[in-house]
Amino acid sequence: PVPVDAQQDHAYAQRTHRDTDFLQSTFSSLFGQAHFKRVADCGCGSGRLTPFLSKWSESLDCFDISPTAIAYASRNNSNLPNIAFHSQDMSQTMLPASIYDFIFDYTAVQHVSDPDQWRSVLANYVQACKPGGVIFLLEVLSDGKELSVLHVSNAPPEEYIQTVEAAGAKLIHKEIAPWKDVSWKEMCLVF
């Protein structure tokens, strides 16, 4: 569960601002002024990026495995229209087939440490995406060493790409960028 008090501190606000700036720049560059009809935010956590995604979508479904996170995200974003929140394990429950124009995963699938399960999650995203839709993955990569956080997968970008392409999607954008002040990098993959 996400500790609610941790989401009120300055570092949380700074991270949200940094991530939103990065996403705005990336989305504008890749999608221009596009507005997606139906969007799935897979692994929405506390909903800190929900306001950003709501500006790019007509209808937004937010999913997270944690009922605590979903309850917080729902309360924190209750003023935003056309958003539904669902507590769901993407490795256990299939999303509806071919209904999403845009599927968003911002550092969520990396928390599934079992390779069979995270591959299943990625295949779930592909089957839920409409033909011509977009799957946006942003995951954290370490500096090549095992991450010290036990529940974080350290799969290389090639494994993510092979898995998603084997499920039927095609890579259209790949970017690996360092995080500021840490040895980790962000892997942004768009299919």
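Start with helix 1: its buried residues are Thr 16, Asp 19, Phe 22, Leu 23, Thr 26, Phe 27 and Phe 31. They take up an arc of only 140° around the axis, which means they sit on the same side of helix 1. Keep in mind that you're looking at a predicted model.

**More on helix 1**

- What covers the buried residues? The cover of helix 1's buried residues includes strand 1 (36–42), helix 2 (50–54), strand 4, strand 5, strand 6 (173–178) and strand 7 (185–190).
- Here's a quick length check: helix 1 (residues 10–31) has 22 residues, so at 1.5 Å a residue it should span 32 Å, and its end C-alpha atoms are 31 Å apart, which agrees.

**Aromatic rings**

- How many aromatic pairs does the structure hold? There are 14.
- One of these pairs is Phe 102 with Phe 136, which is stacked, with 6.3 Å centre to centre and 25° between the planes.
- Phe 102 belongs to strand 4 (residues 100–106) and Phe 136 to strand 5 (residues 129–141), so this pair ties together parts that are 34 residues apart in sequence.
- Both Phe 102 and Phe 136 are buried.
- Ring pairs also link up into a cluster made of Phe 27, Phe 31, Phe 36, Phe 52, Trp 56, Phe 102, Phe 104, Tyr 106 and Phe 136.

**A charge over a ring**

- Look for Arg 119 lying over the face of Trp 118, at 4.6 Å from the ring centre.

Definitions and conventions
Residues numbered from 1 in each chain as written. Predicted model: local features only at pLDDT ≥ 70, side-chain atom pairs only at ≥ 80, totals over all residues. Heavy atoms only, no water. Phe/Tyr/Trp six-rings, centres within 6.5 Å; stacked < 30°, edge-to-face > 60°. Helix = DSSP H or I, 4+ residues; strand = E, 2+ residues; numbered from the N terminus. Buried < 20%, exposed > 50% of the residue type's maximum accessible area, 1.4 Å probe, protein only. Lys NZ or Arg CZ within 6 Å of the ring centre and 35° of its normal. Expected span 1.5 Å × (residues − 1). Arc of directions from axis to C-beta. Contact = heavy atoms within 4.5 Å.
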